[in-house]
Amino acid sequence: MAADSIMLAAVYGVTMFLRYVLALRSGIDDPDLLEKFATYYGYGLMILLPCCLVSFIFAGFYGRGRYYRSKFKILVVFQGIAIGYLATGFFALLFSDFLGTFSRGALLFSYLGSNVALIGARIWSTVWKSFNQEDRGTLRESATVPGPGDAVLVIGGAGYIGSALIPKLLESGYRVRLMDIMVYGEEPIAGFRSHPRLEIFPHDFRQVNAVVEAMQGISTVVHLGAIVGDPACALDEKLTREINLMATRMIGEVAKGLRVDKFIFASTCSVYGANPDIIDEKSILKPVSLYARTKIACEQALFRLSGAHFRPTILRFGTIYGLSGRPRFDLVVNFLTAKAVVEGVIPVSGPGQWRPFLHVDDAAQAVYTMVRAPLEQAGNETFNVGFNAQNYTIEEAARVIAREVPTAVIQEIPFEGDPRNYRVDFSKIANRFNLQPGWTLEDGVRQIVRAIRDGTIGDYRHPRYSNFKFLTEANGRDALRPGGDYTESLYLLGPDLE
């Protein structure tokens, strides 16, 4: 603010001095002319500075706006200066006593000069920081492997994958900041809630000010927050786009502006849709749902932001199964296993469809691996997350469940219309990071069977175990509607991506 005040005063002073020189050259013979112009300058500054600084504050110069490193920041600065000068002109005309203190030409050229000075200063600051970073580039690059004591922000950390990931980070010595509004309650994090290296930040990740605050002192961001699953996303398209897409784009902007070392984003293999071939990361994307389309749009938005100092990592998870701190039974293996144990039936729809299955603990281990990985190996990369041996058809998965629950009967039911069908190649992540499975499909089924039989899981049909049911039966959509005003931070980022 002090620097802006000095630049405004200097620009206005230079403009008034030039106006004084022009007055002399025009032949005005007044021995008190310099003193008059000095008085005009002082009076004018008394109006200009307050008007501009108030405008700058409300425009976000000294809050969220300074964290943007894109065309939006230039736009915010330009708008703030324009409003400040318009207010100055308004007050000059409103109070006739001050009409003599302003030259319209001087005010116009001062406005133009202020744009050059204030926008130029911010651009130069960015360039200077970039040069400094380049000077230390080799050292910084070699130091990008986080270790115990580093701080990790996990957005959506109280969810299905997050509640499996955070214990791994804490056990390895990381400091963890968990950003989540706990719509499913605090039960998923009950086992580690009081850990001394865990900070719970219960704020909505759609609010830019909260995101900026959450990223202070953070070296790695893991973004898991989203409405997950095709049926849940289809319930409210606007809400899905706000949470899954628009907020992600804003979070990426803030992370880039704050020079967060590493940004890890949770995507999905659902982006491949229906494809009879074996798919790798370079395969054509064929989304068949809003959920998949928003994830593709997020990936594209993050890669558009990428540069020398922002290199996101995209993880496309397979079809997850198994138990974590927040159990889910709207996932095919978990659901079919629960039906087998409780009702003695394994209903199969679309038996020939392929799915790449992945235990939730292995999904969390993959994220942990990326947190630990050198940035030059993981940055600006997309990885399918899973294991080649766990590509199964729905019918094959049902037979695995039937072997573990021999009292249950496989029952084919009419096709329910989910057209997804994909076998995925996971060689890239396996070869680069030697990622190995800790769980098999049989292990995951046995885990669920034990949890139901020993009473750890109550009624698997309860809405808290299903994203879709939670949003439709437990007033979940009301819980996801923000209490604060966040629309400016979202819509400032421009039109939706598709």
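**View 1. Helix H14 and what covers its buried residues.** Around the buried residues of helix H14, the cover includes helix H11 (332-343), strand S9 (345-348), strand S10 (354-359), strand S12 (391-393), strand S13 (409-412) and helix H16 (441-453). Contact here means heavy atoms within 4.5 Å. H14 spans residues 394-404, and its buried residues are Ile-394, Ala-397, Ala-398, Val-400, Ile-401 and Ala-402. Buried means under 20% relative accessible area, exposed over 50%, and partly exposed in between (1.4 Å probe, protein chains only). Helices (H or I, at least four residues) and strands (E, at least two) are DSSP runs, numbered from the N terminus. The model is predicted: local features need pLDDT of at least 70, side-chain atom pairs count only at pLDDT 80 or more, and totals for chains, interfaces and linings use all residues. Residues are numbered from 1 along each chain as its sequence is written, and side-chain values use heavy atoms, leaving out hydrogens and water.

**View 2. An open sheet of three strands.** The strand order is S8-S10-S12, with mixed pairing. Strand S8 (319-321) and S12 are the edge strands; each has a single partner strand, so one side of each has no neighbour in the sheet. From one strand to the next, the twist averages 45°. S8 and S10 pair in the parallel sense over three bridges. Strands count as paired if DSSP finds at least two bridges between them. Thr-319 has Phe-357 in S10 as its bridge partner. Helix H12 (residues 360-372) packs on the sheet and touches S8 and S10; its direction makes about 75° with that of S10. Axes are lines fitted to C-alpha atoms, for helices over the stretch in contact, and angles run from 0 to 180 degrees between N-to-C directions.

**View 3. Aromatic pairs, with Tyr-174 and Tyr-368**. The structure holds eight aromatic pairs. Rings of Phe, Tyr and Trp (its six-membered ring) pair if their centres lie within 6.5 Å; planes under 30 degrees apart count as stacked, over 60 as edge-to-face and the rest as tilted. The ring centres of Tyr-174 and Tyr-368 are 6.4 Å apart and the planes stand at 85°, so this pair is edge-to-face. Tyr-174 sits in the loop between helix H6 (162-171) and strand S2 (175-179), and Tyr-368 in helix H12, so the pair ties together parts 194 residues apart in sequence. Tyr-174 is buried, at 1% relative accessibility. Tyr-368 is also buried, with a relative accessible area of 16%.

**View 4. Charges over rings.** Arg-355 lies over the face of Tyr-422, at 5.7 Å from the ring centre. Arg-423 lies over the face of Trp-354, at 4.6 Å from the ring centre. The criterion is NZ of Lys or CZ of Arg within 6 Å of the ring centre and within 35 degrees of the ring normal.
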